[in-house]
Each structure stands twice: as C-alpha cells, then as structure tokens.
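Dear colleague,

Please find below the structure that I am handing over to you. My findings follow it.

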Amino acid sequence: MYAALDNVAFVKTHLHKSKVMLLSLMAGFFLAVGVQAFICVTAPTTTPALTVLGAFLFSYCLIAIVHCGAELFTGNCLMLMAVFQGHIPFIDVLIEWGLVWSFNFLG
C-alpha cells in the first residue's frame, strides 16, 4: 500500500501543470455542487429524511470527483509520505499543493 501511494505521489508531481489545474478546477466545481445540493435540500426543514438525502447528494459529488480522477487537495496531503522517503522533493509537493488548493478554491 505504501509503495502504491509513493508511486501515485511521484506521478502526480510529474503531471503537466495545465492538467493539474483543470482537474483541480473540476474537483472544486463538483465539491461546490455537492455543498449547494446539500444546502438546498436540508435548508427548508431539518427532517431526518431530508438530511439523509442531502448527505447522499453530497457524497455522490465526492464519488464524481473520484470517478473523474479530479484532484482534491485533501487527497494530495498524503504526498508527504513520498517526501519523507526521499523520492520526490518537498518543493514539488508545495507547488502541487498550491496549484491544487487555489484551483479547488476557484472551482
């Protein structure tokens, strides 16, 4: 499992920056749609059925992020494991984090 995470971190830091930007923008958009869906469903009343429906809609958007291969900042936080092993430089991780976080925010 650790070797797989290390490999993913290496591949992510070597993706073309325009692809990282697009995938991060998509993830931010999906996340915003999920939050908006949750708020729209649960805001009128706080019945348990609507809360469950809102949670389902939000989790569906998270599934869309994974299914499309979009880049969400929280998933990139595990890249530190590859840094600690010395397989990728920390500056590459910082650049990746900056791009992903800012384009998640824009999305």
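A search of the whole structure finds 2 salt bridges, a salt bridge being a side-chain nitrogen of Lys or Arg within 4 Å of a carboxyl oxygen of Asp or Glu. In one of them, the side chains of Glu-71 and Lys-12 meet at 3.6 Å, N to O. Glu-71 lies in the loop between helix 3 (48-68) and helix 4 (73-76) and Lys-12 in helix 1 (residues 2-13), so the pair ties together parts that are 59 residues apart in sequence. Helices are DSSP runs (H or I, at least four residues), numbered from the N terminus.

Please note that this is a predicted model, in which local features need pLDDT of at least 70 and side-chain atom pairs count only at pLDDT 80 or more, while totals for chains, interfaces and linings use all residues. Residues are numbered from 1 along each chain as its sequence is written, and side-chain values use heavy atoms, with hydrogens and water left out.

As for helix packing, the axes of helix 2 (residues 17-42) and helix 6 come within 7 Å and cross at roughly 40 degrees; the axes are lines fitted to C-alpha atoms over the stretch in contact, with angles running from 0 to 180 degrees between N-to-C directions. Residues of helix 2, including Leu-25, meet residues of helix 6, among them Leu-106, where contact means heavy atoms within 4.5 Å.

Helix 6 (residues 90-106) also gives the most to the nonpolar patch, with 3 residues. Trp-101 is found in helix 6.

Yours sincerely

Conventions: Helix = DSSP H or I, 4+ residues; strand = E, 2+ residues; numbered from the N terminus.
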